[in-house]
Amino acid sequence: MIKMVGALLRRIYSSFATNILDVPPRLLAFLLLMVLLFLPVARLDLYILRIVTIALIFAIFAASWDLLVGRAGQVSLGHALFFGIGAYLSAYLSRFHGLPLWATIPLSMLFCALVAVLLGFPCLRVKGPYLTLVTMAFPLILAVGFFALDPPFGGEGGIALTRAQRLFPMEALYPQRVAEYYLILFLLLVSAIILYKIANSKTGIVLVSILDDESASKACGINVTKYKLLAWAISAFFAGLAGCLYAHYIQATPPTTVLGLTTSFYPVIMTILGGIGTIYGPIVGAFILWSLMEFTLWVLTDFFQFIPFIANAGDELRIIVYIGIIIVFIIKWPKGISKFVVEKLDELTEKRELDERKKK
Amino acid sequence: MPLFEVENLTKRFGGLTAVNNVSFHVDEGDIIGLIGPNGAGKTTLFNLITGFLKPDSGTVRFKGEDITRLEPHKIVNKGLARTFQVVKPFRHLPAIANVIVACLSPRASKKLEWLKSPERKALDMLELVGLSEMMFEPAENLAHGDLKRLEMARALATEPDLLLLDEPFSGLNPIETDFLTKSIQRLHLDGYTMVIVEHKLHALMKLVKKVIVLHYGEKIAEGSPKEVSHNKKVIEVYMGRVA
């Protein structure tokens with residue numbers, strides 16, 4: 001019995017060693033995961049924990065955008081639509097119908113996928129930049145709609161949620177936030193793995209073929225519309241998850257945030273920053289963007305405390321600063337930071353293998 | 001009943017009649033050439049047949065079935081595949097994945113032999129056109145001649161009963177032309193029915209049994225290569241009128 005367990009453990013370890021430890025980019029991803037896993041153990045400041053948690057939520061959102069844009073080539077600048085619908089629907093169902101979250105969140109995700117398919121039928125008649133412009137309009141229209149319908153949608157603040165409708169309705173503040181953090185990290189991990197698997201499956205290959213040349217795809221006998229709708233639905237499904245988590249985490253659904261232009265643009269910045277079409281790129285991008293945003297805020301308000309002119313306007317000024325830094329990043333690494341790192345690591349391993357061969 | 005039939009097909013672009021009342025038919029096992037000077041409407045005719053353009057009038061029949069206004073992918077899944085004059089590779093995908101896409105079409109997956117994966121079949125197709133050494137090379141790194149062959153492999157992977165080749169020889173050097181001629185002959189022996197649009201008459205005339213000549217969207221001649229090359233109208237179109 002003990003022998004069997006030992007053999008099993010040895011087997012797990014050897015597969016872990018060959019599949020993860022020996023592949024530098026995977027090792028890096030594994031280390032990042034370890035850091036994220038042990039972050040709350042260090043009894044972080046609640047504020048920082050909140051920032052990291054929201055970065056995790058946006059990482060899900062950006063990864064879902066990457067499947068749609070980096071793989072299928074359907075450039076959407078209105079992805080906040082699904083984020084917003086997910087947030088509102090889940091908040092509405094739990095607040096006014098008293099449904100538990102384990103029911104409202106999956107329901108909202110499915111509803112987002114449904115909306116994507118229904119909107120896809122008329123919208124996919126337009127292509128390229130026209131499609132992009134059409135997608136941009138939807139969340140803005142919906143935001144105005146929610147604004148106008150104060151009861152039940154709560155106007156400017158959106159639907160206010162109580163502590164009972166958080167992901168973990170515990171009494172103690174810190175353990176609650178830590179539990180939420182772990183749940184969201186787990187969901188990010190699961191969604192990222194699913195999205196990555198889809199992106200690198202045969203379906204993913206067909207999606208890239210549509211991105212590269214739609215008419216050639218048709219000439220291969222591929223029902224392009226069906227695959228596009230599938231990409232929209234999967235992407236909306238996970239964007240909806242991000243929206244639900246966000247609503248229950250901040251206990252509100254302010255329409256200008258969850259359906260705002262900024263929310264539509266975050267995944268674009270994160271994906272291009274991290275590396276488009278990779279799925280892991282946007283996740284890295286989300287952490288970089290969020291840390292940059294917080295870092296610039298800290299520098300401007302705390303470091304420049306002695307210059308009130310800067311410190312008071314820190315919240316607005318930081319946008320200029322971090323966008324400037326991002327532009328430099330994108331010019332320096334146009335393929336994205338994660339792709340750059342992966343390529344560099346591959347080069348290094350190749351070099352090392354060559355050196356070893358020379359020694360022999 | 002012929003395998004494939006085009007009847008009175010007409011397409012206008014504004015005031016220009018690109019294809020005017022063209023009819024022809026293809027029997028099983030045939031290999032037919034479609035020639036004509038630039039702008040004669042050869043590619044437009046292909047686009048009408050394969051559903052990329054909708055005709056103004058006329059019908060296209062394939063295996064006795066009217067396929068005139070079907071969507072391109074449905075036509076491909078009925079067994080009518082095409083290649084493009086300007087190569088359309090999936091740039092980001094390696095050569096083998098380019099072919100796998102075609103192997104994933106409903107028709108190809110239904111016809112997949114028992115215990116054979118789409119990947120395996122894609123590799124077979126690459127071997128058929130002589131590209132298997134490049135299987136992992138991204139399509140954007142391939143040379144023009146290789147892309148032409150990739151285009152062929154992709155069309156063959158959809159298991160066509162009729163193959164439409166749009167200028168397969170354009171941009172190929174003599175060696176590549178020779179290789180392609182041999183591959184097409186081999187496909188013909190394997191029983192493939194083909195219609196080939198071509199500018200390079202020299203390469204084409206060796207291959208085909210029947211030639212159709214288009215000029216300003218109209219069919220002006222049809223017959224064996226010998227008949228056609230002695231046809232007065234055809235000589236006029238290609239050489240200009242004798243003063």
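Biologist: Which strands form the four-stranded open sheet of chain B, and in what order?

Modeller: Please keep in mind that this is a predicted model. The order in that sheet is β2-β1-β4-β5 of chain B, and the pairing is antiparallel.

Biologist: What makes β2 and β5 of chain B edge strands?

Modeller: Each of them pairs on one side only.

Biologist: How do you know that β1(B) and β2(B) are paired?

Modeller: Two strands count as paired when DSSP finds at least two bridges between them. Seven bridges join β1 (residues 4-13) to β2 (residues 16-26) of chain B, so the pair meets that cut-off. In one of the places where they meet, B:F4 has B:V26 as its bridge partner. The two strands form a hairpin with two residues between them, and B:G14 in the turn has a positive phi of about 60°.

Biologist: And what makes β4(B) and β5(B) a pair?

Modeller: Two bridges join β4 (residues 57-62) to β5 of chain B. The cut-off is at least two bridges, so these strands count as paired. B:R61 stands opposite B:D66 in β5(B). Helix α1(B) packs on this sheet, touching β1, β2 and β4 of chain B, and its direction makes about 65° with that of β2(B).

Biologist: What is the strand order in the six-stranded sheet of chain B?

Modeller: That open sheet runs β6-β7-β8-β3-β9-β10, with mixed pairing. β6 (80-82) and β10 (218-223) of chain B each have a single partner strand, so they stand at the edges with one side lacking a neighbour in the sheet. On average, neighbouring strands here are turned by 20° against each other, direction ignored.

Biologist: In which sense do β3(B) and β9(B) pair?

Modeller: β3 (residues 31-35) and β9 (residues 210-215) of chain B pair in the parallel sense, over four bridges. B:I32 has B:K210 as its bridge partner in β9(B).

Biologist: Which strands of this sheet does helix α1(B) lie across?

Modeller: α1 (residues 42-49) of chain B lies across β3, β6, β7, β8 and β9 of chain B, and runs at about 145° to β7(B).

Biologist: Let us turn to the helices of chain A. Why are α8(A) and α11(A) called roughly antiparallel?

Modeller: Their axes cross at roughly 170° and come within 11 Å. Angles over 145 degrees count as roughly antiparallel, so α8(A) and α11(A) get that name. Among the residues making the contact are A:L187 of α8(A) and A:F238 of α11(A). By class, the contact holds nine nonpolar residues, one polar and one charged.

Biologist: Then why are α3(A) and α8(A) called roughly parallel?

Modeller: α3 (residues 46-71) of chain A packs on α8(A) at an angle of about 15°, with the axes 10 Å apart. The cut-off for roughly parallel is under 35 degrees, so this pair qualifies. α3(A) passes α8(A) in a left-handed crossing. Their contact has 18 nonpolar, three polar and three charged residues.

Biologist: Why is B:E159 called buried?

Modeller: B:E159 has 21 other C-beta atoms within 10 Å, and 20 or more are needed, so B:E159 counts as buried. This residue sits in the loop between α6 and β7 of chain B. Most residues other than glycine have a negative phi.

Biologist: What about B:E167, buried or exposed?

Modeller: B:E167 is buried, because its 21 other C-beta atoms within 10 Å pass the cut-off of 20 or more. B:E167 lies in the loop between β7 and α7 of chain B, and has a positive phi near 45°.

Biologist: Why does A:I319 count as partly exposed?

Modeller: A:I319 has 13 C-beta neighbours inside 10 Å. Exposed means 12 or fewer and buried means 20 or more, so A:I319 falls in between. A:I319 lies in helix α16 (residues 314-332) of chain A.

Biologist: Finally, how many residues of each chain are in contact?

Modeller: 17 residues of chain A are in contact with 24 residues of chain B. On the chain A side, α9(A) supplies the largest share, six residues.

Technical notes
Residues numbered from 1 in each chain as written. Chains lettered and ligands numbered in written order. Predicted model: local features only at pLDDT ≥ 70, side-chain atom pairs only at ≥ 80, totals over all residues. Contact = placed C-beta atoms within 7 Å. Axes fitted to C-alpha atoms, helices over the stretch in contact; angles between N-to-C directions. Parallel < 35°, antiparallel > 145°, perpendicular 65-115°, else oblique. Nonpolar A, V, L, I, M, F, W, Y, C, P; charged D, E, K, R; others polar. Left-handed = near helix turned anticlockwise from the far one by under 90°.
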